[in-house]
Amino acid sequence: MIRCEDALRDLWGYLCDEVTPESRARIAEHLDACRRCCGEIAFLNELRRVVAEAEPELPADVGVRMEAFLATLEGSTDDRPDAQG
Amino acid sequence: MEFAELAREQLPRLYGLARQLVGEDAEDLVQECLLKAYRSHAELRDRQAAPAWLTRIMVNCARDRFRSRGRRVRESPLPDVEDFSLYRVIAAEDPFPYSDSLHLDFLHRFGPEDVWAVLRGLPEIYRLPLVLVHMHDVSTKQAARLLSVPLGTLLARLHRGRKQFEKDLWTYAREHDLLRETAREGT
């Protein structure tokens, strides 16, 4: 069975399904027997969730300016796809 | 298909992506992306493909900016991160001795702006794969195509970027006073 130090390098890859089937089987075997690495996998999974939810929000003033920009685009003629040929 | 309607739906996501790619220049990047998308949106046959299509345009715009500003994409050395484990550092340092959920408590000290600030500190070469894969649900194969690198290179950058990100989270927490027992509790 692989050691914690070896499993550690591939835990992210295991979690994100980026490792080979052979490596996946070796890590799974290790996780069956190692409580600490199981804790680390759960932690990385939570970290992944925290990152996924950290997207910056669209500020209201930027939204207003973007709406105006879209209106300008819609009102223009030179840039329209059907006006280019 | 109404372009403005499609763009409106995607605006919050596009702005978020732009912030992660170019920081304070996000608004300009969104406008550049929308302009290019508008000029070619007749090519878009499937509305379901619009998010991926707009992501591709935005990433290309960002990469053009990096290149035009002479920001060479290089494999920056990230020493000593291969074996770093944030989980183990937290356990060893035990910043919240009275907590029975030490690791979760650590993560929950980070607001979205904190996470974003740490990501922004990563070199582009590592930040872009992380942002695309972990924040915008882009597959690793798609991310490799978007960034014009082989899949193996993309996976290696993701691996190193994640490890550096873990290390930087710890550094950020120490430097921004997130490790105090009362931090973010409002007491």
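Buried means under 20% relative accessible area. The model shown here is predicted.

**View 1. B:F110 and B:Y172 form a tilted aromatic pair.** B:F110 counts as buried because its relative accessibility is 7%. B:Y172 is buried too, with a relative accessible area of 13%. The ring centres of B:F110 and B:Y172 lie 6.0 Å apart, with 35° between the planes. B:F110 sits in the loop between α5 and α6 of chain B and B:Y172 in helix α9 of chain B, so the pair ties together parts 62 residues apart in sequence. Ring pairs link B:F106, B:F110, B:W170 and B:Y172 into a cluster.

**View 2. Five aromatic pairs are found over all chains; B:F3 with B:Y38 is edge-to-face.** Their ring centres are 5.2 Å apart and the planes stand at 65°. This pair links distant parts of the chain: B:F3 belongs to helix α1 of chain B, B:Y38 to helix α2 of chain B, 35 residues apart. Both B:F3 and B:Y38 are buried.

**View 3. Chain B and chain A bury about 4100 Å² between them.** Of this area, 65% is on carbon and sulfur atoms. B:Y38, B:Y87 and B:R88 supply 18% of the area that chain B buries against chain A, more than any other three residues. In contact are 49 residues of chain B and 40 residues of chain A.

**View 4. A:E67 forms a salt bridge with B:R8.** The closest N and O atoms are 2.8 Å apart. Six salt bridges cross the interface of chain B and chain A. Ten residue pairs there are in polar contact. α1(B) gives the most to the side of chain B that touches chain A, with twelve residues. By class, that side has 26 nonpolar, eleven polar and twelve charged residues.

How values were computed. Residues numbered from 1 in each chain as written. Chains lettered and ligands numbered in written order. Predicted model: local features only at pLDDT ≥ 70, side-chain atom pairs only at ≥ 80, totals over all residues. Heavy atoms only, no water. Contact = heavy atoms within 4.5 Å. Buried area = accessible area lost by both parts, 1.4 Å probe. Salt bridge = Lys/Arg side-chain N within 4 Å of Asp/Glu carboxyl O. Polar contact = N/O pair within 3.5 Å; in protein donor to acceptor, adjacent residues only side chain to side chain. Helix = DSSP H or I, 4+ residues; strand = E, 2+ residues; numbered from the N terminus. Nonpolar A, V, L, I, M, F, W, Y, C, P; charged D, E, K, R; others polar. Phe/Tyr/Trp six-rings, centres within 6.5 Å; stacked < 30°, edge-to-face > 60°. Buried < 20%, exposed > 50% of the residue type's maximum accessible area, 1.4 Å probe, protein only.
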